[in-house]
Amino acid sequence: MKPSTQLIHSIPVDELTGAISVPIYQTSTYVQESPGINKGFEFSRANNPTRKVLEDIICNLEEGHAGFAFASGMAAIDAVLKLLKSGDEIMAVEDTYGGIFSIFNHMFERFGIKVNFVDMCDTDKILENINSKTRIIWLESPTNPTLKVADIKSIGKIAKQHDILLVVDNTFVTPLLQKPITLGADIVIHSASKFLAGHSDVLAGLVVVNNKSLADQVKFNQNISGSILSPFEAWLTIRGIETLSLRLEKQCANSIAIANWLAEHPAIDKVFYPGLASHKNHHIARKQQKGYGAVISFSLKEDQVKNAIRIVNSTKLFKLAESFGGVKSMLNHPVTMTHRNIPEEFRKKAGLQDSCIRLSVGIEDAEDLINDLKQALDKLNQPIGKQITVLQ
Ligand SMILES: *Cc1c(COP(=O)(O)O)cnc(C)c1O
C-alpha cells in the first residue's frame, strides 16, 4: 500500500459498533468482571480506547514498537527525559525548540542531568562530545527555526556504537516525510499540536519507541506522571491525521514556490528551506526525507529586529502567531517570540539572526501567499508611520 492509503486504513473501524469514526470513550474507569479480569482497560490514566487508537496509529506510521499520547509535546518530552537519572548527560542539537532549552536547562538540570548543545551537522563534533555519562543524543531534524538537517542514519550508528539512545523530534516533517526509527532512532517524539493534528485546535504530544523495554519505561512514566491526552483531544488528533497526506502535499508544494520566490527577493539575505538546492544540507534532506515540509525561515539583508517586526505586523494572510503546521498560514519572529528565552549567545551560535522570520505555510493558494509576503516586504521601503514596539 502507498503511504496515503496506509495512513487512512491504519485508522480502525470500531469493532463493537462498526462506527467509521473512532468513538470518544469519555470514561474514567471500566467495569470489571472480577478483580483483574477485564477487557484490557482499568482506569483511563493507564489506558483509554480512544487514546489507544491514536497511539497505535502513530506507532504504525513511525514503524515502531509502541506509541504513547500525551497532553502536549512538552509532556511527551518530559516523559522521555524521565528515562534518565541523576548524573546522566544529554547531547542536544544546538538550535533546539525553545521549550526544550528551558526544560533541559531550568528543570532537569536541578535533578542533576546535564545537557550539552552540539552542532549535529558535524559528526566529528558529536564524537568529540560523547563521554561515559552520555545517555541520550537529542535530535531535531530539520531544526527550528534555521532548518538544519542532520544525517539521522550516521548519528544512529554513532549512538548504537556508544550505547546511547537516539531521540528524534520529528515534529517538523511527520512520518509521512521522514521515519527516524527506520534510520536508526530509538525514540521519536512529536508535538502533534503542529502538522499531525494540523488545524491549530489541539495540543497533543506523541512518543514512539522501538523496543519493549523502552515501551515499558515510557508507559510507566506516562501512567504515573499522568500527563495523558484526553479522549476528546485524542479524537481531534486522529481526525486531523486523516487528512495529513492531502494537507502536506499542498503545504509542501506551496512551500517550494514560496521559498523559490523569497530566494530571489532583493531585501532577503538567506532563505532556510531544505528543499532549496542552495540549502547547505539539501543533499541529506533529499536522502532521508520524502518531502521538505512547510516551514521556511528567512533573514533580511538589513538584519535588525525592527525590520522583521515591520514585516510580521504587515502580512494579512500569514497570521502572526506562535506554532506552525496548521491549515492557515502563520508567521513568527523567533527572537522576540518562540525563542526569546534562549540566551543571545546560544541564538548566535545556532545561527539565529535578529531579523529571522519563520513561516508556517498553510493550504491557501501559493500565489495569494506570495502576494501577501510581497506587500509586507515592500513596506521596508516605506517611511515608518506608527512607532514599532520591540519587546526584548
Ligand atoms: C511545538 C514543539 C514542541 C512542543 O510541543 P507542544 O505541543 O507545544 O507542547 C516540541 N518540539 C518541537 C519541534 C515543537 O515545534
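This is a predicted model: local features need pLDDT of at least 70, side-chain atom pairs count only at pLDDT 80 or more; totals for chains, interfaces and linings use all residues.
1. Five strands make up an open sheet of mixed pairing, in the order β8-β9-β12-β11-β10, where two strands count as paired if DSSP finds at least two bridges between them. The edges are formed by β8 (268-272) and β10, each of which pairs on one side only. Between β8 and β9 there are 4 bridges in the antiparallel sense, and F272 stands opposite S297 in β9.

2. Residues are numbered from 1 along each chain as its sequence is written, and side-chain values use heavy atoms, with hydrogens and water left out.

3. The protein chain holds 14 helices and 12 strands; these elements are DSSP runs numbered from the N terminus, helices being H or I of at least four residues and strands E of at least two. For 392 residues a compact globule would have a radius of gyration near 21 Å, and the 21 Å of the protein chain agrees with this; the radius is taken over C-alpha atoms, and the globule rule is 2.2 Å times the number of residues to the power 0.38. Along the principal axes, the C-alpha atoms fill a box of roughly 75 × 50 × 40 Å.

4. Of the 392 residues, 56% count as buried, a term that means under 20% relative accessible area, with exposed meaning over 50% and partly exposed in between (1.4 Å probe, protein chains only). Among contacts (heavy atoms within 4.5 Å) with a separation of 6 or more, 72% join residues 24 or more positions apart.

5. Strand β7 (residues 205-209) is largely enclosed by the rest of the structure, because 5 of its 5 residues are buried. G205, V207 and V209 point one way from the strand, whereas L206 and V208 point the other way; in a regular strand the side chains alternate between the two faces of the sheet. Strand β1 (residues 66-70) pairs with β7 in the antiparallel sense over 5 bridges, with A69 standing opposite L206. Strand β6 (residues 187-191) also runs antiparallel to β7 and is joined to it by 5 bridges, and here S191 stands opposite G205.

6. Helix α12 (residues 305-314) has 8 of its 10 residues buried, so the helix is largely enclosed by the rest of the structure. Among the buried residues are V305, I309, R310 and S314. The buried residues of α12 pack against β9 (295-300), β10 (319-320), β11 (330-332), β12 (357-360) and α14 (366-378).

7. Within α12, V312 counts as buried at 5% relative accessibility. Leaving aside neighbours within four places in sequence, V312 is in contact with L320, L331, N332, H333 and I357. V312 and G226 lie 86 residues apart in sequence and 38 Å apart in space, C-alpha to C-alpha.

8. Not counting residues up to four places away in sequence, S255 touches Y273, G293, A294, I296 and V361.
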